[in-house]
Structures are given as structure tokens and as C-alpha cells.
Amino acid sequence: MSDEHESERPGRERPSNAADRRGRRASGPASTPGKGRATPGRATAATKEKKPSLFARLARFLREVVAELRKVIWPDRNQMVKYTIAVLIFVSIMVALVFVLDSAFAEGVALLFGN
């Protein structure tokens, strides 16, 4: 049975370990080309590019905000009414739940410690 599978894939060996199965070689440092060399130094002040002014950065930020807001699909009036009703119902349910729990804990504390 295994001879049939190997005959279907001529020229391919079965990986011997997990590193080979993931496509890496288990030979060590030679398999990772970035290892063994020095870390490059920091850029000097002369090679660093100049930072734009505060107003230039603020103007760029505002232009990007406007560009992103143009991509937004705004809801129509019908959707806004539905979303608003859903939020109000959810908030009402949560307020009622907190009220019930608060009342129950208040009664429990009153029973435990007395009035």
C-alpha cells in the first residue's frame, strides 16, 4: 500500500520530522539566513527625514477623516428609527433588570442586618 503512494509522487521524499513537514530544514543556523550577522545601527540625525509641522499633521489627519467618512454607508431614516427603537427597548430591559437586582439585594441586606 505504501509503495503505491510513493509511486504516485516520484521524486518526493516523505518528511522525516515536524520541521521538514512545515517546510523548514532541521539543519540549524544555515536554514535561517538572518542569523549570525550584526544588528544594523540606528539612523543618524542627518539621514532621518524631517517631521512635518503640527499644523501639517493636523491638516493631513482631518483630510483622512473626511476621506474615511465618505466611505461610510449612512443609514436612512427608516433604519435609524428601527435602530433607535431597538436601543431604547434594550436599555429599558437592562434598567429593569438592574432595578430588580438592586431591590432584591437591598431586601436581602435588610433581612440579614435588620432595619
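The predicted model of the protein chain has a mean pLDDT of 81, and 65% of its residues reach 70 or more, pLDDT being the predictor's confidence in each residue on a scale from 0 to 100. Among the elements of the chain, helix α1 (residues 2-8) has the lowest mean pLDDT, 52, whereas α4 has the highest, 97. Residues are numbered from 1 along each chain as its sequence is written, and side-chain values use heavy atoms, with hydrogens and water left out.

The protein chain contains four helices and zero strands, in the order α-α-α-α from the N terminus; helices (H or I, at least four residues) and strands (E, at least two) are DSSP runs, numbered from the N terminus. Helix α4 is followed by G114, which has a positive phi near 80°.

Of the 115 residues in the protein chain, 1% are buried, where buried denotes a relative accessible area under 20%, exposed over 50%, and partly exposed in between (1.4 Å probe, protein chains only). The chain exposes about 11,700 Å², of which carbon and sulfur atoms supply 62%; accessible areas come from the Shrake-Rupley method with a 1.4 Å probe, and for residues only the protein chains shown count as cover.

A nonpolar surface patch is formed by V81, I85, V87, I89, F90, V91, I93, M94, V95, L97, L101 and F105, which together have about 1,100 Å² of accessible area. Patches consist of residues with over 30% relative accessible area and no salt bridge, like charges being joined within 9 Å and nonpolar side chains (Val, Leu, Ile, Met, Phe, Trp, Tyr) within 5 Å.

Two salt bridges were found in a search of the whole structure, each defined as a side-chain nitrogen of Lys or Arg within 4 Å of a carboxyl oxygen of Asp or Glu. The side chains of R60 and E64 form a salt bridge with an N to O distance of 3.1 Å; these residues are four apart in helix α3 (residues 54-71), a separation of about one helical turn. R60 is exposed at 52% relative accessible area, whereas E64 is partly exposed at 42%. A salt bridge also links E68 with K71, whose closest N and O atoms are 3.1 Å apart, and both residues lie in helix α3, three residues or about one turn apart. E68 is partly exposed, at 46%, and K71 is exposed, at 60%.
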